[in-house]
Amino acid sequence: MKFEIKRERLVEGLNDVMKAVSSKTTIPILTGIKMDVSSEGMRLTGSDSDITIQTFIPAEEDGEQIIQVTNGGSIVLQAKVFGEIIRKLPTNEVEIEITGNFQTHIRSGKSEFHLIGLDAMDYPQLPDIQDDRLFTIPADLLKTINRETVFAVSSSETRPVLTGVHWEVKDGELVCVATDSHRLARRKTKLETLPEGEYSVVIPGKSLTELNKILDDTSEAVEIVMTNQQVLFKSKHILFFSRLLEGNYPDTSRLIPAEYKTTVTVNGRSLLQAIDRASLLAREERNNVVRFSAKEGSDVEVSSNSPEVGKVEEQLQAQSIEGEELKISFSAKFMMDALKAIDGQDVVIQFTGAMRPFILKSALDDSILQLILPVRTY
């Protein structure tokens, strides 16, 4: 096979698929990138068997020739080495030629590299996905949903299903929930394109984090197809496959309290900054705990006390405090993550007592809900 390609386009494509390639894989060929070239263009595939990313570079786009193909074909090349070489080539014109025994010659300007390739026939096939459960969602909304939930997944492998985000489709709504059993993030989204029926999948948090790095911040539609073992995200020239996590996701709706004893409405950004300051002294301790107290008719107080370091107290004006007086302690990190997800809007915090989970939501809409378990200190 032999072709010429614009270096910058090849680098862009490699950057996308490299996100799926891991050096830790148990299948040696997966440390490589598969390249399929035909007269239509080039497909690049990278995989670590959990995530597979495929991107397509068309031979011609907007009247500009990107790839000139003399002979088509397929090859697998060592991802890391190939990526570094292409990035550092001297000119924007790259010629790649593969001769017998998968010998690969890469030429650019006066520079020439020779790599040993692998047989593309040994590379795992992409899963075949039927699109009967297909719906679309704008890319920027999908990124926002991921950002508002993924941080709450568990980092411990003791319950693998909790390292993923539970996506459930029912009644024309997509509900995404993540929890590590100390906190929970839920995001609801009304979608018009949802297919009939109810179904749910658990997508690894790591996959959604990688997906966010690839998607553009545009309102371009991303097609999502769910099957029993895989989920596929399709955008312009990219296919992103992820395996799903097995196991039953816990029923989290029971965790959300039905009634509240104390409700505090406060500016989210001010509270985030106050907790950030209070946690400066709490960081020395392993648990990073901040105390919060509220009572009708006065300000909210955020404080932290570390016997070896010192203490901090800060008064913060609330828009309203209703209900019983409350003193509660919680992880500063969990609270800051939750406030960042709600993103600077006014926040309603609802408590059912010092030792019960409390919830945060935006004062403007109910689509985002964060739940945090307090820490026993008082």
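**The cavity and the helix pairs**

Guide: Strand β18 gives the largest share of the lining of the largest cavity, three residues. Bear in mind that this is a predicted model: local features need pLDDT of at least 70, side-chain atom pairs count only at pLDDT 80 or more, and totals for chains, interfaces and linings use all residues. Residues are numbered from 1 along each chain as its sequence is written, and side-chain values use heavy atoms, with hydrogens and water left out.

Visitor: OK. What counts as a cavity, and what as a strand?

Guide: On a 1 Å grid over the protein atoms alone, a cavity is a set of points where a 1.4 Å probe fits but cannot get out, and lining residues have an atom within 4 Å of a point. Strands (E, at least two residues) and helices (H or I, at least four) are DSSP runs, numbered from the N terminus.

Visitor: How many cavities of 30 Å³ or more does the structure hold?

Guide: One. The largest cavity has about 30 Å³ of space, the volume being the space filled by probe spheres set on the grid points, which are joined across faces, edges and corners.

Visitor: Which residues line the largest cavity?

Guide: L211, I214, L215, F233, K234, S235, I238 and F240. The elements giving two or more residues are α4 (205-214), β18 (230-235) and β19 (238-243). By class, the lining has six nonpolar, one polar and one charged. Here Ala, Val, Leu, Ile, Met, Phe, Trp, Tyr, Cys and Pro count as nonpolar, Asp, Glu, Lys and Arg as charged, and the others, Gly among them, as polar.

Visitor: What does α4 pack with, and at what angle?

Guide: With helix α3 (residues 139-149), at about 140°, and their axes are 10 Å apart. That makes α3 oblique to α4. Axes are lines fitted to C-alpha atoms, for helices over the stretch in contact, and angles run from 0 to 180 degrees between N-to-C directions. Under 35 degrees is roughly parallel, over 145 roughly antiparallel, 65 to 115 roughly perpendicular, and the rest oblique.

Visitor: Which residues meet there?

Guide: From α3, L142, K143, N146 and R147; from α4, L208, L211 and N212. Contact means heavy atoms within 4.5 Å. L211 also lines the largest cavity.

Visitor: Switching topic: how do α1 and α2 pack?

Guide: Helix α1 (residues 7-18) and helix α2 (residues 79-88) pack at about 150°, with axes 9 Å apart. That makes α1 roughly antiparallel to α2. On the α1 side the contact includes L10, V11 and L14, and on the α2 side F82, G83 and I86 are among the residues.

Visitor: And what about α5 and α6?

Guide: The axes of helix α5 (residues 268-282) and helix α6 (residues 332-342) come within 10 Å and cross at roughly 155°, so α5 and α6 are roughly antiparallel to each other. Their contact has seven nonpolar, two polar and two charged residues.

How values were computed: On a 1 Å grid over the protein atoms alone, a cavity is a set of points where a 1.4 Å probe fits but cannot get out, and a pocket is an open set with protein on both sides within 12 Å along at least five of seven lines; lining residues have an atom within 4 Å of a point.
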